[in-house]
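Please keep the structure open beside the text as you go.

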Amino acid sequence: MAASTKSLTVDSCTSNGDWTVVLPRRGRQRRKATKVGILEEKQEAWTPTDSQTDPIRETKLMQKMEKCIAKIGSSKFYHTFRDQIETSVLDYFHRVLGSEIKMPMIIYGIGSIELYEPPCLQLSLAILMKRDFSWIGNIEVFDPILSVSESRVLEALGCCVISINEHGRREAIKPTMFFMPHCEAELYNNLLHANWKPELLSNTVIFGNSFETYEQHLSICKNSPIINSTEHILAVRRFTSEFRIKTVSDDYYNAFHDSSWHFFGPVHEAELQFINS
């Protein structure tokens, strides 16, 4: 369906409880989120499930990524996206950076860049941002479904594959960008939970699903299955400056629809106490 006619359904709940705004996760089954399960997740060592390298497969995937980077780099979508950063949100990035020169980019939940187009487009956007903005530092990537070939191509593209499943719980000790388009709600919630201190939130930038849309959805769908995964998302809204991006054309709708930049602060410790974090 064309992006110009497709609406983001936030005013109704589907019969099976799914939220129609956010696409299903790419390449792996969704697991039912429970509050206790999320909070008890521990960081664990990770390696790809396959163990065989395949040079031919890697070459094909690298060529695919190079074409994708070139395509999106020359698109109206990317020019609009870059212009928005330079005109609307650059001051927010500078505020987060403070005296730091660079902020690393952490990519969670990228999905399979070999099997699906949206992850290729999302990764291409991240790589182009690093190319065009000198204040973006190293790129680290994690998704538990990444294969050996995908991991090797990511490294060849200048990214570092994270060897620990952090479940989104990276603390922003220094200014950090979290690049998370179309991740599950619990991953954003985990990230906010791990950074539920004023000094950590002020170091945090999130590119991902619109928190405003989560709030709108849950105000209508009181029994939504994602309710237990959004406690911190809803609580942080009062401290959030959100900037939605424009997808511009159908070519980039599936990869980036309903995506926003999120900046947090100023926040005081007392304002965070009503949530038991």
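**Notes on the predicted model**

1. His167 counts as buried, because its relative accessibility is 14%, where buried means under 20% relative accessible area, exposed over 50% and partly exposed in between, with a 1.4 Å probe and protein chains only. His167 lies in the loop between strand S5 (164-165) and strand S6 (176-180), and its phi is near 55°, a positive value in a residue other than glycine. Helices (H or I, at least four residues) and strands (E, at least two) are DSSP runs, numbered from the N terminus.

2. Before going further, please note that this is a predicted model, in which local features need pLDDT of at least 70 and side-chain atom pairs count only at pLDDT 80 or more, while totals for chains, interfaces and linings use all residues. Residues are numbered from 1 along each chain as its sequence is written, and side-chain values use heavy atoms, with hydrogens and water left out.

3. As for the protein chain as a whole, its secondary structure comes to 10 helices and 9 strands, and buried residues make up 53% of its 277 residues. Of the contacts with a separation of 6 or more, 78% are between residues 24 or more positions apart, contact meaning heavy atoms within 4.5 Å.

4. His182 is buried, with a relative accessible area of 2%. Helix H6 itself is mostly covered, since 10 of its 10 residues are buried, including Glu186, Asn189 and His193.

5. Where in the chain is His262 placed? His262 belongs to strand S9 (residues 259-264), and at 0% relative accessibility it counts as buried. Leaving out residues up to four places away in sequence, His262 touches Ser210 and several others, among them Thr204, Phe211 and Glu242. His262 and Ser210 are 52 residues apart in sequence, yet 8.2 Å apart in space, C-alpha to C-alpha.

6. Helix H3 (residues 76-97) deserves a careful look, for it has a kink of about 75° centred on Val89; the bend at a residue is the angle between axes fitted to the seven residues ending there and the seven starting there. Val89 is one of the buried residues of H3, as are Phe81, Arg82 and Phe93. After H3 comes Gly98, whose phi is positive, near 60°.

7. H3 packs against helix H4 (residues 117-132) at an angle of about 50°, with the axes 12 Å apart. That makes H3 oblique to H4, because angles under 35 degrees count as roughly parallel, over 145 as roughly antiparallel, 65 to 115 as roughly perpendicular and the rest as oblique. Residues that meet here include Tyr78, Phe81 and Ile85 in H3, and Leu125 and Met129 in H4.

8. Which residues touch the most other members of the largest nonpolar core? Of its 76 residues, they are Phe81, Phe93, Leu125, Met129, Met177, Phe256 and Trp261; a nonpolar core is a set of buried Ala, Val, Leu, Ile, Met, Phe, Trp, Tyr and Cys residues joined through side-chain atoms within 4.5 Å. Leaving aside neighbours within four places in sequence, Met129 is in contact with Phe81, Met177 and Trp261, among others. In soluble globular proteins, nonpolar side chains tend to be buried together.

Methods:
Axes are lines fitted to C-alpha atoms, for helices over the stretch in contact, and angles run from 0 to 180 degrees between N-to-C directions.
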